[in-house]
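Good morning, everyone, and thank you for making time for this. I would like to talk about the pockets in one model, and I will begin by putting it on the screen.

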Amino acid sequence: MMIRAPKSNLILGLVMVIFAAILLSLWIPLDTQTGLVEKIRRQVVIGDALAPTVAALFLLIGGGLLVVVDRTADGQPKPSLRGLGFTASLIAVICISLVVMRHAGPLSVWLINTLHGDTLEYRLLRDSAPWKYIGYLLGGTLMISGMIALVEGRIRIRAVLVALLAVLIMIALYDLPFKDLLLPPNGDV
């Protein structure tokens, strides 16, 4: 009797390649208003499409490696209900974190307006500290610490601190060197 090798890597790799192809061919061209880079008054600036294109290329390369190199690797997990439950939990953590990331900044402005009687508008503040960091910091920390908690099977303060540090490093890498780049989701708010 011949034992068939699990195809988890092949399935996951194909899903990532197809998803990356959809991102690159449909979503990014239809959802962004500029190209990868833009030249404005003799200055080259990052376009709206650069960051999602880089992310899609990483998905394409990773998925392609799974399909080409690791599709017959030993020790692949077999599809199971437990695996599907984990995947559903992971998707829930990501979705909840994105909702927090999207609404935390505007909610904080609304709270300040309510408490102090101000008439601030988040859209006008979205590129100034501390407003531009609130959603990214809270949502990003929730996302990373939630993923760690899923893998470890428990919530630990150490995971939250690691997530907070990781998000602060990402803010330093994306926000500080690029003055024309808005941290997510501020470009859509």
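Before I name any residues, let me say what a lining is: a pocket is an open set of grid points with protein on both sides within 12 Å along at least five of seven lines, and its lining residues are those that have an atom within 4 Å of a point. Please keep in mind that this is a predicted model.

Let me take the second largest pocket, which holds about 420 Å³ of space. Its lining is made up of 13 residues, and those that lie nearest the centre are Ser8, Pro77, Pro79, Gly83 and Thr87. The elements that give two or more residues to this lining are H1 and H3, and H1 supplies the largest share, with six residues. Sorted by class, the lining has seven nonpolar residues, five polar and one charged.

Now we can turn to the largest pocket, where the space comes to about 1900 Å³. Here 43 residues form the lining, and Asp48, Ala51, Pro52, Leu182 and Pro184 are the ones that lie nearest the centre. Two or more residues come from each of several elements, namely the helices H1 (8-31), H2 (50-68), H3 (81-116), H5 (131-152) and H6 (157-174), together with the strands S1 (37-40) and S2 (43-46).

Which element gives the most to this lining? That is H2, with seven residues. As for the classes, the lining of the largest pocket has 27 nonpolar residues, alongside six polar and 10 charged ones.

How values were computed
Residues are numbered from 1 along each chain as its sequence is written. This is a predicted model: local features need pLDDT of at least 70, side-chain atom pairs count only at pLDDT 80 or more; totals for chains, interfaces and linings use all residues. Side-chain values use heavy atoms; hydrogens and water are left out. On a 1 Å grid over the protein atoms alone, a cavity is a set of points where a 1.4 Å probe fits but cannot get out, and a pocket is an open set with protein on both sides within 12 Å along at least five of seven lines; lining residues have an atom within 4 Å of a point. Grid points are joined across faces, edges and corners, and a volume is the space filled by probe spheres set on the points. Helices (H or I, at least four residues) and strands (E, at least two) are DSSP runs, numbered from the N terminus. Ala, Val, Leu, Ile, Met, Phe, Trp, Tyr, Cys and Pro count as nonpolar, Asp, Glu, Lys and Arg as charged, and the others, Gly among them, as polar.
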